[in-house]
Amino acid sequence: MKLMKGMALSIAALTVVLISGCGSRHSPKEVYYLVAANMSTNYWQTAVAGFKKAAAEYGVTAMAVGPDKYDPSAELAELQSAVAAKPAGILISVADAAVLTPGINAAVDAGIPVITIDSDADASHRLYFIGTNNLDAGRLGGRSVVEKLGGKGNVVFFTIAGQPNTEERLKGFKDAFASRPEINIVDVIDIKGDTALAFDKTQQLIAQTGAKKINAFICLESASGEIVAEAVKRSHDTSRTVVAWDVNPDTLQGIKDGLIDATIVQKPFSMGFFGLKELDEVFHNPPAQLSRDWSSDAFAPYPTFIDTGTSLVDKSNVDVFLTAAAAHSK
């Protein structure tokens with residue numbers, strides 16, 4: 001009996017050691033940063049929610065920083081402050097690759113793992129990119145516009161110039177239009193993150209009639225879709241097509257109400273959630289050389305790109321997305 005009791009105590013002690021060992025992997029002192037621009041938008045608040053959910057699961061600390069408007073220089077300053085704090089890892093959405101690449105490289109050189117999400121800087125020393133295949137997303141949207149316009153018409157884009165993800169989306173649309181010579185791209189307008197500019201430009205363009213009439217307004221970022229739709233609504237011309245980006249609640253409701261024809265859906269929650277977990281894995285199992293170009297190594301422990309998925313939402317499936325959004329808002 002004494003032997004059995006001793007064995008039981010030994011097993012119990014071993015179990016405590018093992019459990020303690022498993023739990024010691026993480027600590028609130030382990031800090032991860034998410035850095036982006038336009039942080040006040042619904043899109044980035046959703047990404048932050050995913051980031052913080054993963055942090056809560058792991059028992060680590062999540063910090064989300066960045067300017068509330070499109071400002072690459074301010075984002076760089078936030079990145080530099082994050083690097084100075086010596087965190088366990090950094091997720092960053094690159095507002096402007098030329099501005100932010102030196103900061104990313106400095107972080108990696110300081111031994112901090114960096115993974116890009118949403119918008120990439122593929123020439124930097126970041127480990128890899130997690131987000132949307134923006135070229136394919138643009139092609140998906142382009143095919144939708146071609147079908148809606150019957151293969152001909154004048155279109156205008158609203159974008160943020162210089163941001164890698166929007167540049168890829170624009171290229172995807174142009175690919176879809178390449179075999180449709182009767183679709184004419186009248187203008188590509190850089191709104192610089194200012195939705196008021198998108199509204200004013202839409203009102204000006206609506207005044208054009210006849211052969212110059214704009215048949216479709218296409219938004220390549222999440223902030224301008226609802227405001228462009230509002231400008232079109234005020235014109236009382238329901239013949240114009242509006243394509244938005246992302247699943248902001250107002251965008252989904254705009255589709256439901258017939259003000260927006262379609263939107264291209266990304267998964268910012270997944271980017272933030274999965275991104276923190278991937279950083280955690282790198283932090284706890286670091287490579288011998290963090291700044292190595294893993295894309296040229298066929299035996300690399302890291303991918304080059306993780307696609308979080310893209311969908312097109314229109315009248316046919318908007319209720320599914322509205323239901324999902326309502327469930328996550330509770």
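**Notebook: cores and a helix pair**

I looked up the largest nonpolar core, and it has 49 residues. Leu 34, Trp 44, Leu 79, Ile 90, Ile 92, Leu 127 and Leu 276 have the most contacts inside it. A nonpolar core here is a set of buried Ala, Val, Leu, Ile, Met, Phe, Trp, Tyr and Cys residues joined through side-chain atoms within 4.5 Å. Buried means under 20% relative accessible area, with a 1.4 Å probe and protein chains only.

The model is predicted: local features need pLDDT of at least 70, side-chain atom pairs count only at pLDDT 80 or more, and totals for chains, interfaces and linings use all residues. Residues are numbered from 1 along each chain as its sequence is written, and side-chain values use heavy atoms, without hydrogens and water.

Next I checked Leu 276. Leaving out residues up to four places away in sequence, Leu 276 touches Tyr 32, Phe 51, Ala 54, Ala 55, Tyr 58, Val 60, Ala 62 and Leu 91. Contact means heavy atoms within 4.5 Å. Another core lies apart, with 21 residues, including Ile 189 and Val 318.

Then I turned to two helices (DSSP runs of H or I, at least four residues, numbered from the N terminus). Helix α5 (residues 134-149) packs against helix α6 (residues 164-177) at about 40 degrees, with axes 7 Å apart. Axes are lines fitted to C-alpha atoms over the stretch in contact, and angles run from 0 to 180 degrees between N-to-C directions.

I noted which residues meet: among them are Leu 135 and Val 146 in α5, and Phe 173 and Phe 177 in α6.

Notes:
Buried < 20%, exposed > 50% of the residue type's maximum accessible area, 1.4 Å probe, protein only.
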